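Please keep the sequence and the model in view while reading.

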Amino acid sequence: MLTKQIAKQNALEYLRAHDVGVIATIDQEGQPFVSPVYYATGENFNIFFLTTSGTRKSQNIMNNERVAFSSGTGPEYIAVTIRGVAKLA
């Protein structure tokens, strides 16, 4: 059985080894919106991606910073999912 620390380290290594994931945002009606993104991973599971201010995901983040992010692969099911807040920079 994996310890929590080993599982976190494995998850961080997985995220750093990949560059495509899905960001989920919430629109003004409270409905979820999902969009694929290329990303980079920083320390403490910080996820960085680029988008323009006119995209739906950017507009959603401006209205509600709560997001979820996931990156996964197959055929052996491996996925990392994160919930948190997004900050526009």
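With which residue does Arg 16 form a salt bridge?

## Basis of the model

This is a predicted model, in which local features need pLDDT of at least 70 and side-chain atom pairs count only at pLDDT 80 or more, while totals for chains, interfaces and linings use all residues. Residues are numbered from 1 along each chain as its sequence is written, and side-chain values use heavy atoms, with hydrogens and water left out.

## Salt bridges

The partner of Arg 16 is Glu 43, and the closest N and O atoms are 3.0 Å apart. Helices (H or I, at least four residues) and strands (E, at least two) are DSSP runs, numbered from the N terminus. Arg 16 is partly exposed at 42% relative accessibility, whereas Glu 43 is exposed at 53%. Here buried means under 20% relative accessible area, exposed over 50%, and partly exposed in between (1.4 Å probe, protein chains only).

A salt bridge is counted when a side-chain nitrogen of Lys or Arg is within 4 Å of a carboxyl oxygen of Asp or Glu. The count by this rule is two. Lys 87 and Glu 65 also form a salt bridge, with 3.0 Å between the closest N and O atoms. Since Lys 87 lies in the segment after β6 and Glu 65 in the loop between α2 and β5, the pair ties together parts that are 22 residues apart in sequence. Lys 87 is exposed, with 61% relative accessible area, and Glu 65 is partly exposed, with 36%.

## The sheet

Four strands make up an open sheet, ordered β2-β1-β5-β6, with antiparallel pairing. β2 and β6 (78-85) are the edge strands, each pairing on one side only. Pairing requires at least two DSSP bridges between two strands. Between β5 and β6 there are eight bridges in the antiparallel sense, and Ser 71 stands opposite Val 80 in β6.

Which residues of helix α2 (residues 56-63) are buried? They are Lys 57, Ser 58, Asn 60 and Ile 61. These residues lie on the same side of α2 because they cover an arc of only 160° around the axis, the arc being that of the directions from the helix axis to the C-beta atoms.

The buried residues of α2 pack against β1 (20-26), β2 (32-38) and β5 (66-73), where contact means heavy atoms within 4.5 Å.
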